[in-house]
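Subject: A structure for you to look at

Hello,

I am passing a structure on to you, together with some notes on what turned up in it. Please open it first and keep it beside you as you read.

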Amino acid sequence: ALQLSNGSPNIEDDEDLPRFPFWAEDNAFTFHAIDKLRHDCETVFTARSREDDHAYSAGTTYFLPCTLKPRCALEALARSIFDMHTSALNPNAYAKEMSGVEWWTLVLDPEEEQQQDDDEEEEEDEVGLHFDADYGLEAQAPGFLLHPRVSSVTYMSDFGSPTVVLDRRSPLPGKPEELNGSISKGWLSHPRIGKHLAFDGRLLHGAPATFFPGKFEPSTSERKKKAKVDRRR
């Protein structure tokens with residue numbers, strides 16, 4: 001959530017952020033207490049599958065204003081990511097009292113499909129394709145999606161379904177037809193501990209295991225969990 005100093009939260013193509021539609025760095029972070037961080041990710045993980053009669057999946061996100069001190073290790077990580085993407089900006093380019101980082105954790109179980117008692121296959125955990133937005137605002141102004149300037153993902157596992165980012169922006173209000181047509185470009189990011197990726201907050205993205213199955217550790221057959229911290233700005 002980056003509020004420009006002129007009061008506009010909208011992204012214009014000639015603005016300083018995002019610098020690139022997609023960017024990734026394999027060794028952006030070194031975690032010295034990753035087991036504790038993974039435990040914290042599981043503790044605050046609230047995302048649940050979308051019910052048939054709901055437009056979106058359930059879950060809670062968290063917001064850290066950039067003027068406040070982080071209260072836990074995950075907030076400290078979120079703040080460091082905010083600083084990473086804003087440190088090169090002119091201090092007067094955005095309003096600090098109105099800016100910050102929205103963050104949440106996502107814990108996926110990338111187990112291989114297993115045969116159940118009723119002979120139905122259990123589907124691998126995934127994240128459906130979606131746009132990051134202020135969904136609370138959308139509830140007040142139907143059809144209007146206010147997107148983060150930068151969306152990012154930080155991995156805490158080497159396993160699981162990859163993140164897919166497609167070169168397709170969210171449609172303007174009242175113009176759903178903008179989603180029609182083919183998509184000629186996209187980016188695929190496989191999980192790796194310490195890897196960080198960032199992209200234009202208006203782009204369609206997800207981790208659809210149906211089309212991009214997750215990687216599994218070849219040395220064991222037990223379930224592996226992937227803790228992925230996915231943030232909106």
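Below is a short tour, from the whole chain down to single residues.

Two remarks on how to read the notes. This is a predicted model, in which local features need pLDDT of at least 70 and side-chain atom pairs count only at pLDDT 80 or more, while totals for chains, interfaces and linings use all residues. Residues are numbered from 1 along each chain as its sequence is written, and side-chain values use heavy atoms, with hydrogens and water left out.

**The chain as a whole**

The protein chain has 3 helices and 10 strands; helices (H or I, at least four residues) and strands (E, at least two) are DSSP runs, numbered from the N terminus. Along the sequence they follow the pattern β-α-β-α-β-β-α-β-β-β-β-β-β. Of its 233 residues, 40% count as buried, where buried means under 20% relative accessible area, exposed means over 50%, and partly exposed lies in between (1.4 Å probe, protein chains only). The accessible surface of the chain comes to about 13,200 Å², and 49% of that belongs to carbon and sulfur atoms. These areas come from the Shrake-Rupley method with a 1.4 Å probe, and for residues only the protein chains shown count as cover. Among contacts (heavy atoms within 4.5 Å) between residues at least 6 apart in sequence, 78% join residues at least 24 apart.

**Salt bridges**

Side chains of opposite charge can pair when their charged atoms come close. The structure holds 6 salt bridges, each being a side-chain nitrogen of Lys or Arg within 4 Å of a carboxyl oxygen of Asp or Glu. One of them joins Asp26 and Arg192, at 3.3 Å from N to O. This pair links distant parts of the chain, 166 residues apart: Asp26 is in the loop between strand 1 (22-25) and helix 1 (34-44), and Arg192 is in the loop between strand 7 (186-189) and strand 8 (196-200). Asp26 is partly exposed at 32% relative accessibility, and Arg192 is partly exposed at 38%.

Asp35 is exposed, with a relative accessible area of 60%, whereas Arg38 is partly exposed at 26%.

Arg79 is partly exposed at 23% relative accessibility, and Asp83 is partly exposed at 33%. Salt bridges that share partners also join Asp26, Arg192 and Lys195 into one network.

**Aromatic rings**

How many aromatic pairs are there? The count comes to 4, where rings of Phe, Tyr and Trp (its six-membered ring) pair if their centres lie within 6.5 Å; planes under 30 degrees apart count as stacked, over 60 as edge-to-face and the rest as tilted. Phe22 and Trp187 are stacked because their ring centres are 5.4 Å apart and their planes are at 5°. Phe22 lies in strand 1 and Trp187 in strand 7, so this pair ties together parts that are 165 residues apart in sequence. Both Phe22 and Trp187 are buried. Phe29 and Phe31 form a stacked pair as well, with 6.2 Å from centre to centre and 10° between the planes. Phe29 is buried at 15% relative accessibility, and Phe31 is buried with a relative accessible area of 15%.

Thr86 lies in helix 2 (residues 73-86). Thr86 is buried, at 7% relative accessibility. Leaving aside residues up to four places away in sequence, Thr86 touches Leu2, Leu17 and Tyr94.

Thr163 lies in strand 6 (residues 163-169) and is buried, with a relative accessible area of 2%. Thr163 and Val153 are 10 residues apart in sequence, and their C-alpha atoms are 8.5 Å apart in space.

Enjoy looking around!

Best wishes
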